[in-house]
Amino acid sequence: MSKRIDVHHVTRVEGHGNIVVEVANSQLKECRFDVVETPRFFEAMLLGRPYTEASHITSRICGICATGHATTSLRASEKALGIEPSQQTVLLRKLSFHGEILDSHILHVYMLVAPDFLGVGSVIPLASSHPEVVLRALRMKKLSGDMCAIVTGRHTHPIAMTVGGFTHFPKRAELESLRQRLEAARADVDATVELFASLPWPQFERDTEYISLTKPDEYAFIDGEIKSSDGMKLPIESYREVTNEYMVPHSTAKFTRFQRESYMVGALARFNNNYDQLHPRAKAAAAALGMKPKVTNTYLNSGAQVVEITHCIEDAILIVDQLLEKGVTPEEPVAPTRQSGEGVGSCDVPRGILFHHYWIGEDGNITGANCIIPTNQNIANLEADMRVLVPQIMDKPVDGMRLDLEMMVRAYDPCISCSVHVAKLVTK
Amino acid sequence: MSQNHKPKIAFFDFTSCEGCQLTVVDSLQDHPELLEVVDIVQFREAMTEKGEDYLVAFVEGSCTRQSDEERLKQIRQQAAIVVALGTCAHLGGVNALKSLHPLQDVRQYVYGEKADWYETYDARPIDAVIPVDFAIPGCPIDRTEFINSVKALLLGKKPPIPDYPLCVECKLKENACLFTLNKVCLGPVTRAGCGAICPTYGQSCEACRGFITDPNDSSMRNVLAEHGMSVEEITSIYTMFTAYQVREKLMQAEKATGG
């Protein structure tokens, strides 16, 4: 039995990637996920530019996780220059960050993943066959985008975030109206959990190393320490010990590995590492989805996203309550305590742990930059999953195999244009 | 036209963050009726179906390698109307920042000794490769302007893109001028249409929509200098999204003076 699957530009993912699988005489001959995105060179673009521009430039790495890149960039500059943002800044950043996690996860589970289960090629036919599902998704997505917009002006690309604080502040009435909408969204969240709990998730188990941020007092998205599910914690400044970037001739991405051959980042990694800190309603959602750590079915990364949707709606309500209680006061951004320095920022953005590392010179210009993107960190793990999956499905017709493999790629929610380093290998 | 007489439209992406296509998806939140008047035949980021017969092509992203030129030419051959969607396609955008450094340095900085594995050249707007009929500016595009542009195209008209400076919209919003708040701004030379969203949220306009047809550049640079910006800082803010245009202008000036 010989089969070849060659999916040129996998659809319903962000960016350009190809699946190449070849089975000859029932033996797996070739199994690759090629990233064919054009090289972006963001780190080099930052060189010689004022650090104040860095978050504006790097948010343009990705339209989906623009707020995540901007927040990580600001944290890198703030650490380099010895800036401690105010508690109000921390809360406002968390609120817009939750907005982005929600926006990205809702887009992924409803518009990119759900069509596979409902046997259609996109969300568009669902508008007539399942209008209530599509309207719910659009309603939830609008709420998430508005949540970002109240704080930063817009989700893609955030405006009011700056080194040391904000340049615009939400009004009380905006926060009150947001709170009402968040509470009203609980019905949509419940319906979302119910829908995704009813889907026939493909069976697939492969234990791997899960890496995320972690914090002692909350489910970590911004700052904290690096945690491995294999038992190790490291300060984010030691990120290079974890990521160990390397290049391989057959593929196009810089790969990463830590204590095993590959590791996974993203919602499932956060779920596995920080489950205890989820909101009780999010834990209930996990129970409804049949998920309890450690979950080793990669397809359930989308399930972990549904759990995080529940968590972020609930946590956003708590954040808005704190902001309303204290009142939001316009304040000047905190000034640097030194002129130059080196700093690492890290956030767990929708697709996983992200690092920005900057060196800032005496003149305030960036003299060095390194960004390590979640999707890069996942590609080696995706290929390892594919190598286990293919022998399990090789008796299926080619179309069925192709769909299973595409669904596996989509489960990672890859954000390929994000992958700053990732580039096409020009084969000789 | 489709059998149902709806015009067929397609979306394509080159080097970009795909944020403009996401803005298109977001604009459907408020305007789902758009799907009733057009047939989207290709939109890789959102759908698997792929049709090669389309009337209007919306292209996001810059061209940053020779091998992408062929794909752009195919799109041009098929589409009656090609629209550059957002700053990367329209102006080159942030992608062109890398052109401010020698290309080989940029490649080595990111990819080290493996730099030659990766094909790249100076980032350029798509009209540097193929003729473009219209552009919807902005990084990212503005939802309302996108919807209004599609409406205009469906009626056989030009998209209504303003050619006056951002200050007009900022004044209409009754924003305090950033120059009076000890900040700087490129609003006086930048094309309006975004509702002056950055100054409204307390940040400088960085000219992501490009310059108006006849900007008073020298006055703008003088004003920035009067507000304490060094030549390097002025060059920096002037090139964030328009490095390609600034570089082209310099090269033309050099040619004119025989330099």
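The C-alpha centres of domain 1 of chain B and domain 2 of chain B are 24 Å apart. Keep in mind that this is a predicted model. The domain assignment puts domain 1 of chain B at residues 8-154 and domain 2 at 166-256. Where they touch, domain 1 of chain B brings 18 residues and domain 2 of chain B brings 14. On the domain 1 side, helix α4 (residues 87-91) of chain B gives the most, with three residues. Sort that side of domain 1 of chain B by class and you get nine nonpolar, six polar and three charged residues.

Now for the contact with the other chain. Here chain B puts in 42 residues and chain A puts in 49. On the chain B side, at least two residues each come from α1 (19-30), α5 (103-111), α8 (197-200) and α10 (231-239) of chain B. The largest share is that of α1(B), with five residues. By class, the side of chain B that touches chain A splits into 19 nonpolar, 12 polar and 11 charged residues.

A:Ile19 in β2(A) has A:Val7 opposite, and strand β1 (residues 3-7) of chain A runs antiparallel to β2(A), joined by five bridges. A:Val21, for its part, sits opposite A:Cys31 in β3(A); β2(A) and strand β3 (residues 27-35) of chain A are antiparallel too, with eight bridges. The hairpin of β2(A) and β3(A) has two residues between the strands, and A:Asn25 takes a positive phi near 50 degrees there.

Chain A also has an open four-stranded sheet with mixed pairing, in the order β8-β7-β6-β11. Its edge strands, each pairing on one side only, are β8 (232-235) and β11 (263-264) of chain A. Strand β7 (residues 225-228) of chain A runs antiparallel to β8(A) over four bridges, and A:Ser228 has A:Met232 in β8(A) as its bridge partner. Lying across β6 (209-214), β7 and β11 of chain A is helix α10 (residues 267-274) of chain A, which runs at about 75 degrees to β6(A).

Key: Residues are numbered from 1 along each chain as its sequence is written. Chains are lettered from A and ligands numbered from 1 in the order in which they are written. This is a predicted model: local features need pLDDT of at least 70, side-chain atom pairs count only at pLDDT 80 or more; totals for chains, interfaces and linings use all residues. Two residues are in contact if their C-beta atoms, placed from the backbone, lie within 7 Å. Ala, Val, Leu, Ile, Met, Phe, Trp, Tyr, Cys and Pro count as nonpolar, Asp, Glu, Lys and Arg as charged, and the others, Gly among them, as polar. Two strands pair if DSSP finds at least two bridges between them. Axes are lines fitted to C-alpha atoms, for helices over the stretch in contact, and angles run from 0 to 180 degrees between N-to-C directions. Domain bounds come from an automatic or database domain assignment.
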